[in-house]
Amino acid sequence: MSSATIKKDSGFGVAQLILLLSIAILVIFVAWPVLLILFNAFFVDGSFNSLDFYRVLTDPETFQALTNSLIIASMTTVGSTIVGTFFAWLVTRTDLPYKNFMKSLFLVPFMLPSFIGALAWKMLLSPHAGYINKAFMSLFGTTEPLFNIYTYYGISAVEVMYLFPFVFIQVCGALERMDPTLEESARISGAGLLTITRKITIPLVLPSIMSGALLIMLYSMAHFGTVAVLGIEQGIYNIPTLIYEKIHESAGSFESIRTGTVLATVLVVTAAIIIWGQQKILSRGHYQIIGGKSFRPMELKLRGLRWPLLLFCLAYIGFTIVLPTVVIFLVGGLNTYGLPFTWENLSLANYKYILTEYDVTKDAIFNSVSLGLAAAVITMFAGVMISYVIVKMKVRGKGILEFLGMLPFSVPGSVIALGVILAWSGKFGINLYNTVWIILVAYIARYMAFSLRANSAALEQVHDSLMEASRSCGATMWQSLKDIVIPLVKPGMISAFFLIFLPALRELTVSIMLYAPTTRTIGVAIYTLNEDGETVMSTALAGVALILIVIGQTLINHFTKKVSE
Amino acid sequence: MQDIIKLEGVCKAYGDHQVLKDLDLSIRKGECFTMLGPSGCGKTVTIRLIAGHEVPDSGKIEIDDTVVADSSTGAYIPPERRGLGIVFQDYAVWPHMTVTQNIAYPLKMEKRPKAEIDKLVKAMIATVGMEGLDKRLPSELSGGQQQRVALARALVADPSVMLLDEPLSNLDANLREEMRFEIKALQQRFGITVLYVTHDQEVALAISDRIAIMDANGRIRQTGTPYEIFEKPADLFVFKFMGIANFLAVRSEGDKYYVGTGTQEVPWPEGPAGTAEKWVVGFRPSDVEIGREAKGLKGVIKRANFLGSTMDYAIEIDGEHLRTELVAHKAISQDLMFQEGEECYITFKALHWFDAKQLEEVGEL
């Protein structure tokens with residue numbers, strides 16, 4: 001006789017509830033601000049006006065910013081692609097000594113926020129005050145600096161230094177996962193190594209190279225920090241810096257908001273095109289040849305070039321990572337900016353001051369840490385819910401959510417910042433402007449993409465039958481989520497947490513548009529102190545930020561290792 | 001006998017693909033019922049509909065005289081209230097729970113007292129032969145052991161019906177054979193109703209009280225005992241699906257039936273029921289009797305293969321081809337070791353008539 005019998009009474013629409021909640025989150029935090037930008041860009045006094053959009057766009061200042069964004073992004077993309085692909089090839093396909101160590105070394109630039117890097121390079125290579133230029137001029141007795149960092153080349157070079165890992169990671173992955181039999185069969189057919197590389201290898205990894213390149217393009221177009229530190233002094237604005245400048249100098253006047261929304265619209269459209277292109281490239285059929293398995297690929301013997309190339313790699317890392325970092329810590333220890341680095345000029349006094357006494361920096365550290373924590377926790381939970389609906393649930397209306405879920409990936413930070421200003425400045429009943437909450441709202445929108453990606457990946461791993469099994473064992477949907485799904489996606493949630501917390505800790509692009517005197521983040525404090533001429537304090541704070549980032553990264557590595565075990 | 005599961009006019013489509021159309025099915029209390037069909041025929045969908053993981057587009061499903069899904073009234077009882085045990089093809093053992101935790105879960109959901117849970121789980125672990133492995137995580141178990149955990153979990157709450165969705169297809173051949181007898185033994189011991197879904201006719205024949213044969217379009221071609229299905233196939237599809245088969249084309253002239261293009265009559269007492277001109281006779285390699293004396297159809301050995309314990313012959317009769325096998329030591333002792341090119345005579349132990357049009361319909365399986 002069976003004791004398990006059928007129980008009547010059906011549950012209420014849990015699925016619909018979750019779906020609605022998910023849609024609401026994405027609409028409120030992401031879609032609505034973006035819509036407000038588009039609305040403000042195209043509607044003047046409540047009526048559609050594309051002529052005015054065109055007028056703003058062709059305004060010399062705006063147009064110059066657009067061109068600059070394009071020039072810098074193009075140079076950065078080309079440079080990063082060459083550097084990233086070359087190093088990726090070196091550490092996967094040659095017999096370079098200490099390959100694995102070098103591979104992890106090339107990921108270090110990711111840890112260094114590019115605006116802190118830019119700050120260091122400003123101190124090294126600004127035309128007259130930079131340490132390298134000064135040394136060069138006194139050594140050769142000229143007044144011509146060795147290199148002027150305040151140029152398109154300088155800005156792009158700095159961006160390349162800290163962005164090339166985007167391409168590096170993608171290409172490394174593709175080269176490692178490429179089935180070596182494809183190359184071997186070409187070799188058996190009599191093709192030489194050059195022919196194989198040209199006809200087999202490059203076409204196969206081209207999608208990865210392109211996809212990495214597009215990521216960099218998108219990042220650079222919308223990148224604030226480097227251009228703000230190195231460009232503004234010489235009048236080089238790109239789209240985000242001009243938006244910032246406009247909003248800031250006029251304290252939110254109508255005309256400046258309009259210029260901002262027009263520029264932001266251009267960014268959104270560009271981003272959409274880039275994301276679309278990337279999806280198209282990645283979904284092309286022959287990419288499938290690169291599988292998930294790891295193989296031992298063919299290696300090129302470098303022979304006599306082995307050690308010189310290793311030296312070159314080390315020199316590259318030394319020049320782009322070690323040198324700027326050392327400069328940051330040294331300058332941060334100086335009593336006054338401009339003094340030579342001698343023992344009597346250096347002390348830990350600045351560090352002690354900014355950590356224990358100086359309110360601006362103390363507030364900034366507190367703000368950044370608490371904002372990072374709050375944004376990470378909220379976005380992690382929202383992300384797991386939304387991903388769950390997208391990946392697992394079969395409900396009507398899911399299509400809307402899938403579309404909305406794509407949005408966070410294609411909305412750059414400065415656009416989000418402008419959007420939340422429009423949405424949360426009291427026009428719609430709630431005024432968060434000048435509070436720390438407006439930054440939190442913007443962070444949630446900005447980092448939703450990271451959370452969605454990490455959680456979706458984790459959820460894909462959880463087979464549907466695991467949840468169905470628990471349902472058939474008598475668990476309701478909520479119980480199944482709690483007992484089965486959540487424990488199994490925990491690694492994804494933890495990685496989402498860190499993927500949000502760390503970038504939020506060093507964030508500049510969004511918070512610079514939204515800060516008030518008491519709501520500076522670490523990034524904003526570094527930037528504004530530097531602007532105000534408080535170079536040593538700014539640099540000391542940058543040093544502290546670097547230490548925080550390294551600690552955080554070490555924690556992540558430790559954690560993700562534990563999870564994968 | 002009383003029906004415990006009843007499907008009436010159930011339809012299910014995914015997009016444009018109509019998987020099930022007007023499916024009627026009834027499963028009797030206490031029997032082991034197998035749905036057998038090629039992959040993609042909709043048998044898994046049927047199980048998912050019964051379990052409540054899918055909702056039918058139209059039709060009605062009843063379990064234990066309770067309507068669990070009815071498109072006309074919109075009634076739907078979610079999986080957790082259907083009181084079923086289910087075993088999935090990929091086991092679906094929860095990787096973050098130990099063997100004990102996995103098996104205890106259905107009882108915990110019923111909020112049984114802890115002492116009772118412990119007792120039942122312990123007994124169940126012993127029943128499926130997993131003693132000493134109770135603290136292990138699924139990642140520390142073999143495929144067969146994981147499947148035992150899945151079985152135990154499906155049985156522990158004493159469900160009225162257990163659904164098994166190709167539970168053995170991920171196991172190796174030896175284990176598969178062992179497990180199928182264990183499943184049968186468990187079913188008889190617990191007196192539980194089992195709905196078993198598979199594409200493997202051997203398993204189906206071994207464990208079922210009744211079998212339903214489903215074709216690629218989700219239609220049930222025949223329902224019956226294993227003997228009926230194997231020996232009295234309702235149509236060519238069923239016959240073909242149940243094992244390797246030979247087909248000879250036959251043409252009718254008056255009331256005579258000739259093989260292929262030749263003038264030899266089919267050596268079988270009964271002709272087909274029907275008036276078609278073109279027929280097909282179907283038989284299994286084991287139903288062929290081969291000999292040297294002039295009895296039955298005369299043919300030529302086209303290929304002779306010695307396979308150790310058996311001899312395998314390919315024979316041509318008036319342009320038609322067939323395969324047969326016989327035990328090697330019988331072939332040797334009875335002088336039936338043919339060479340290629342030799343003449344032979346064949347008769348049949350069993351034979352089925354099919355309309356030639358049906359063969360085209362069914363096509364290649």
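In what order do the six strands of the open sheet in chain B run? I read S7-S8-S9-S3-S10-S11, with mixed pairing. I call two strands paired if DSSP finds at least two bridges between them; helices (H or I, at least four residues) and strands (E, at least two) are DSSP runs numbered from the N terminus.

Ground rules: this is a predicted model, so I take local features at pLDDT of at least 70 and side-chain atom pairs at pLDDT 80 or more, while totals for chains, interfaces and linings use all residues. Residues count from 1 along each chain as its sequence is written, and chains are lettered from A and ligands numbered from 1 in the order written.

S3 (residues 32-36) and S9 (residues 193-198) of chain B pair in the parallel sense over five bridges, and B:Phe33 stands opposite B:Leu195 of S9(B).

H4 (residues 143-155) of chain B packs on this sheet, where it touches S7 and S8 (161-165) of chain B. Two residues touch if their C-beta atoms, placed from the backbone, lie within 7 Å.

Last, I looked up where the chains meet. Chain B puts in 31 residues and chain A 25 residues. On the chain B side, S5 (66-70), S7 (84-87) and H2 (99-109) each give two or more residues, and H2(B) gives the most, with three.

Note on methods
Axes fitted to C-alpha atoms, helices over the stretch in contact; angles between N-to-C directions.
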